[in-house]
Amino acid sequence: MRTPGAVTIKRASEIDSMRGAGRILAGILDVLHAELRPGTTTGALDEIAERMIRDAGAVPSFKGYGSNPPFPGSICASINDEVVHGIPSPRRRLAEGDVVSIDIGCILDGWHADCARTWIIGSAPREVIELVDATRRGMEAGIAAARAGNRLGDVGHAIETVAHEHGYGIVRPFVGHGIGRSMHEDPQVPNYGAPGTGLRIEAGMCFAIEPMFNLGGDDVFVADDNWTVRTSDGGLSAHFENTIAVTEDGPEILTER
Ligand code: MG
């Protein structure tokens, strides 16, 4: 591992470890997706996720994270106007038409992976389906721009361009990040930016790229539980995230099967 400034460059063997963590998460998300239906509680999803992480020999990275209070779950489950960091609960039941974002992270042999998906429970209006689809495409555009020789501003600009095509709000206080031995490493990876600006991307850098788009304005606030982030105007929000490694051949997604 080499450290230019504060941004670490991972060796191939280290990226292998992160790929192992990422594959665990991708498999769990497939299982959680199959559990999504009206009546399922986010607490039940959290129990499944924690058991599967531990059965795979990994550790949930979200559980106990932070303070005031430590995050209690192994997943974040954020529904409708909740953007990110929703606390899973056995009292929180999914309903037809809900937009649910599941964020999950784990540590395998000391290496982190972090990813999120948004799904709709049953059917929803076309504008809601388009929000979810565009947020996924925003993530994909950001990943495609994460190439050696590009700059971080190119990544943010690619993401922002997709949001602007649809007039969606972009969540600015919460951003993507470097990832590796720690869940959150330098640099921050904003979901907006100017092309050709910021850190020059090098092979061996690993990032969590994670746009959050709102069907409404940009503004968000943290709810009374000190974790759940919600849109200020009550608009629906979607969130996608993958952990990627920049290779000489382009970006490699580590959180897919
Ligand atoms: Mg993240």
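Mentor: The largest pocket holds about 430 Å³ of space. A pocket here is an open set of points on a 1 Å grid over the protein atoms alone, where a 1.4 Å probe fits, with protein on both sides within 12 Å along at least five of seven lines. Its volume is the space filled by probe spheres set on the points, which are joined across faces, edges and corners. This is a predicted model: local features need pLDDT of at least 70 and side-chain atom pairs count only at pLDDT 80 or more, while totals for chains, interfaces and linings use all residues. Residues are numbered from 1 along each chain as its sequence is written, and side-chain values use heavy atoms, with hydrogens and water left out.

Two elements, β7 (176-178) and β8 (185-189), each give two or more residues to the lining; strands are DSSP runs of E, at least two residues, numbered from the N terminus. The top contributor is β8, with 4 residues. By class, the lining has 12 nonpolar, 6 polar and 6 charged residues; Ala, Val, Leu, Ile, Met, Phe, Trp, Tyr, Cys and Pro count as nonpolar, Asp, Glu, Lys and Arg as charged, and the others, Gly among them, as polar.

Conventions:
On a 1 Å grid over the protein atoms alone, a cavity is a set of points where a 1.4 Å probe fits but cannot get out, and a pocket is an open set with protein on both sides within 12 Å along at least five of seven lines; lining residues have an atom within 4 Å of a point.
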